[in-house]
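Please look over the sequence and the structure below before reading on. The notes after them are grouped by topic.

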Amino acid sequence: MSEPLSFDEAIERFDPVMGIEVHVELNTKTKMFCSCANRFGAPANSQVCPVCLGLPGAMPAVNHKAVESAIRLGLALNCAVAEHSTFARKNYFYPDLSKDYQISQYEDPIDFDGYLDVELADGTVWRVGIERAHMEEDAAKNTHIGGATGRIQGADYTLVDYNRGGTPLVEIVTKPIEGAGSKAPELARAYVAALRELVIALGISDARMEQGSIRADVNLSLRPRAATAAEQAAVPFGKRSETKNVNSLRSIEKTIRYEISRQAGLLATGELVVQETRHWHEDSESTSPGRSKEEADDYRYFPEPDLLPIEPSRAWVESLRRTLPEPPAVRRARLRSEWGFTELEMGDAVNAGAVDLIAATVAAGTSPAGARKWWLGELARTANERGVDLAALPVSAEDVAAVESMISSGRLTDKLARQVLEGVLAGEGSPAAVVSARGLEIVSDHAALLSAIDAALAAQPDIAAKIRGGKVQAIGAIVGAVMKATRGQADAARVRELILERLSS
Ligand code: ZN
Ligand code: MN
């Protein structure tokens with residue numbers, strides 16, 4: 001076995017070509033071909049019926065909403081929408097597929113021939129061609145029990161949850177992505193990120209990669225490096241590997257990087273790349289072989305006899321086109337300039353999934369900088385600690401806006417505001433409720449502050465004398481005593497002013 005080549009050397013000697021297939025689970029209320037609920041996290045095998053269990057004689061019926069979502073996605077990907085589109089049976093045996101075939105699309109997918117513009121960190125924009133986007137049903141979920149790896153090899157037995165069986169999917173397939181060179185790993189990641197953002201903007205999927213609602217299969221091949229782009233394009237593609245079900249953006253980038261190094265290592269020593277599926281391993285940051293060479297012929301596709309073709313009217317397609325949201329990249333650029341954020345600040349907001357939350361907080365009356373401070377600071381940290389999305393935290397944009405307005409009206413310091421949000425996150429109610437229940441408001445009562453100051457000065461007459469004598473730096477001890485007396489609920493700067501006033505009078 002040859003060793004992987006270093007990434008830089010691999011890119012110097014070979015030209016990577018990628019193809020990316022992304023499965024997106026749609027968030028329709030019901031499944032693709034039956035009326036079972038389409039919901040993640042229910043008890044195993046509680047959302048099943050004869051159709052999605054594949055019992056003999058059961059008849060599928062197409063989910064209209066799923067077709068609508070597939071068409072809207074196709075339009076957003078600049079695809080043509082088929083006038084005549086059919087379903088096909090993709091035949092294979094596996095326990096997660098009780099019919100022994102998956103209803104998919106083969107010859108005439110609903111969407112074809114589009115593109116998605118993808119921006120990289122250096123500001124360059126790549127146009128990724130979309131070959132097709134087709135509708136299909138998801139398989140059930142296998143859980144392999146026993147064995148060290150959680151994979152089928154070495155497992156004692158396997159549990160099958162058919163709840164996922166029949167979930168509506170759209171599979172988006174790119175055209176070959178050529179010419180990216182050393183940017184290939186970043187481009188793969190950025191493409192899937194952009195696709196995810198688009199799906200979220202369309203509102204057609206939960207888009208939670210960690211729950212598997214977006215999964216990517218990444219194909220990679222290498223060919224010898226040529227001197228010019230034109231010569232390069234004339235070199236035939238090499239044999240490809242297909243790494244299946246990569247389920248995080250980070251892993252997509254790493255998978256491409258690793259496969260470039262691995263295949264270059266083989267080719268550099270005269271070995272051959274085997275056409276096969278592979279698995280990504282997060283722990284070892286490497287891939288291992290799965291099934292060998294697999295072609296469309298193996299699946300014996302044939303037209304699905306139980307379903308009529310789909311022939312969306314042009315009027316319907318055009319009416320769906322009018323429902324498309326502002327493209328995410330355009331919206332991001334618009335908000336960035338409205339909010340006065342730097343590229344870096346906006347990038348952080350996007351990566352944290354905070355753009356909509358900041359927008360809602362700004363709409364509730366907070367300054368963009370104020371909204372950003374909380375969502376990307378305290379709250380992002382909490383979400384990280386709890387391992388949930390920012391949007392899943394039990395705190396709303398209105399709560400954050402309420403806290404910020406209490407700060408700007410002088411009722412809370414930043415420090416007290418953090419305690420208020422802590423209370424909101426702990427389920428103690430609205431910010432106002434937490435302030436009154438925990439007694440968190442700033443002590444701004446002039447008389448109360450003055451009496452605390454007088455008490456502190458009386459308790460430390462030597463320090464009072466030092467300050468009077470011009471050693472103003474000694475004031476810290478008095479400020480500290482006042483803050484302690486008010487349980488940290490005074491504005492320290494204001495306390496300092498009042499002490500100086502008191503001593504100069
Ligand atoms: Zn069902
Ligand atoms: Mn598929």
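The model is predicted.

- C36 counts as buried because its relative accessibility is 9%, and buried means under 20%.
- C49 is also buried, with a relative accessible area of 18%.

**The sheet**
- An open sheet of 9 strands runs in the order β2-β5-β6-β9-β1-β10-β11-β12-β13, and its pairing is mixed.
- The edges are held by β2 (80-81) and β13; each has a single partner strand, so one side of each is left without a neighbour in the sheet.
- β1 pairs with strand β9 (residues 168-174) in the antiparallel sense, over 5 bridges.
- Within β9, E171 is the bridge partner of H23.
- Helix α4 packs on the sheet and touches β1, β5 (111-119), β6 (125-137), β9 and β10 (214-224).
- The direction of α4 makes about 20° with that of β1.

**The hairpin of β12 and β13**
- Strands β12 (residues 276-281) and β13 (residues 286-292) pair in the antiparallel sense over 5 bridges.
- E276 has S292, in β13, as its bridge partner.
- There are 4 residues between the two strands of this hairpin, and E285 takes a positive phi near 50°.

**Nonpolar cores**
- The largest nonpolar core has 72 residues, and I172 and Y191 have the most contacts inside it.
- Helix α4 (residues 184-202) gives this core its largest share, 11 residues.
- Which residues does I172 contact, leaving aside its neighbours within four places in sequence? They are I20, E21, V22, V24, L73, L77, I130, R132, A133, Y191 and L195.
- A second, separate core has 32 residues, among them W374, I407, L412 and I442.

Conventions: Residues numbered from 1 in each chain as written. Chains lettered and ligands numbered in written order. Predicted model: local features only at pLDDT ≥ 70, side-chain atom pairs only at ≥ 80, totals over all residues. Heavy atoms only, no water. Buried < 20%, exposed > 50% of the residue type's maximum accessible area, 1.4 Å probe, protein only. Core = buried A, V, L, I, M, F, W, Y, C linked by side-chain atoms within 4.5 Å. Contact = heavy atoms within 4.5 Å. Pairing = 2+ DSSP bridges. Axes fitted to C-alpha atoms, helices over the stretch in contact; angles between N-to-C directions.
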